[in-house]
Amino acid sequence: MRARFQGNGEITFEKVTLCDVAEGDVRLRVDVCALCGSDKRLLQSGSAVVPGHEIGGTVVGGALPEGTRGIVYIPVFCGTCVRCLAGRTNQCLNLSELIGWQRDGGFAEHVDVPARCVLPVPDDIPLSVAVLGLDTVGTAAHALRLALRTQDSADRTLVVGAGPLGLGVVAVAQAMGIAVDAFDPNPTRLAAATTLGATPAGDLSAENQYDMVVEVSGANAARETAQRVVQPGGTVVALGESNEPYTMPATPRWRRTDCYTVRSFYFPTQEVEANWDLLRVMGASLRDLIVKPLTLPELPEAFARFVAGDYVKPCIVSADAHLVSEVTR
Ligand SMILES: [Zn+2]
Ligand SMILES: [Zn+2]
């Protein structure tokens, strides 16, 4: 079975007859596939392929040994350009597709992906934690690493937006020893950020408050806040996704200062080992705070509750009993 997004919020399911695995591909049984805020766009627009791009699973056929547990790296990188050869796979010069966007993703019982996009999971890390190593922790950690290259020290850091990725930024920052303030207009989300160790931000109407501001929501008001509260010499990390262009203010204050703007999207495979170490520190507690396990037939309900803000990070888990209990324990 697999899900189809028909547009206008409608999800249907269809039966699948599995064909042979294409050369160079791997077939995974999808054990867990997390919902991402970006999937809401596909829910509205409809999708030509099966969505779902935060995938953890077990190899059942193809170019890797059966039984290998892996998470799926969504940019289908070429593996041969200078960026890929340097391990900077998220900067691939020949990037063709994203799994779950231009080719079938994980809201299904099985998914076929290129073997090089399977990141094997260490034995001591449960898949329910490992899957957070993609968009939630992998993207957050990469953004913070890039931002830290611009700052000698980041004594004052603010995270704007405490959805799944914002909470990932908070949790990773804690594990990296960076103290953060957090802001979110939604009190439940802000409370989750404080549970992870953030301090609720105070009045953000004044300028020049922070060395680093990680803007995770993509909302214009949040971007304006980030640009206002960053100090001269500071760094704004524009991590939020939006269809709106990212603009810079034309105010005298903004024009007469130094400021770094860092944009990033996903993590390179060369950071995966370091990300496992982060997950060993904070992965289980982050999972227990944000993950809500549901099954594939419950996908429409999962999205409804996700859009309503009832669930922070719904995850579709296979009917495999041990995985459900691992996620719900
Ligand atoms: Zn995502
Ligand atoms: Zn490449």
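Trainee: Which residues coordinate the zinc ion (ligand 1), and at what distances?

Mentor: Cys36 (SG), His53 (NE2) and Asp135 (OD) do, at 1.9 to 2.2 Å. They qualify because donors are N, O and S atoms within 2.8 Å of the metal (3.2 Å for Na, K and Ca), and water is not among the atoms, so a site may look incomplete. Keep in mind that this is a predicted model, where local features need pLDDT of at least 70 and side-chain atom pairs count only at pLDDT 80 or more, while totals for chains, interfaces and linings use all residues. Residues are numbered from 1 along each chain as its sequence is written, chains are lettered from A and ligands numbered from 1 in the order in which they are written, and side-chain values use heavy atoms, leaving out hydrogens and water.

Trainee: What spacing do these donors of the zinc ion (ligand 1) have in sequence?

Mentor: The pattern is C-x16-H-x81-D. Cys36 sits in the loop between strand S3 (25-34) and helix H1 (39-45), and His53 in the loop between H1 and strand S4 (54-62), so the pair ties together parts that are 17 residues apart in sequence. Helices (H or I, at least four residues) and strands (E, at least two) are DSSP runs, numbered from the N terminus.

Trainee: Why does His53 count as buried?

Mentor: Buried means under 20% relative accessible area, exposed over 50%, and partly exposed in between (1.4 Å probe, protein chains only). His53 has 2% relative accessibility, so His53 is buried. Cys36, at 12%, counts as buried too.

Trainee: What makes the arrangement around the zinc ion (ligand 2) tetrahedral?

Mentor: Its donors are Cys78 (SG), Cys81 (SG), Cys84 (SG) and Cys92 (SG), at 2.3 to 2.4 Å. Four donors count as tetrahedral if all angles lie between 85 and 135 degrees. Here the angles are 103 to 119 degrees, so the arrangement is tetrahedral.

Trainee: Why are H4 and H9 called roughly perpendicular?

Mentor: The axes of helix H4 (residues 138-148) and helix H9 (residues 272-290) come within 10 Å and cross at roughly 110 degrees. Roughly perpendicular covers 65 to 115 degrees, with under 35 roughly parallel, over 145 roughly antiparallel and the rest oblique. H4 and H9 are therefore roughly perpendicular to each other.

Trainee: Which residues of H4 and H9 meet?

Mentor: Gly138, Ala141 and Arg145 in H4 meet Ala274, Asn275 and Leu278 in H9, where contact means heavy atoms within 4.5 Å.

Technical notes
Tetrahedral: all angles 85-135°; square planar, octahedral: opposite > 155°, others 65-115°. Axes fitted to C-alpha atoms, helices over the stretch in contact; angles between N-to-C directions.
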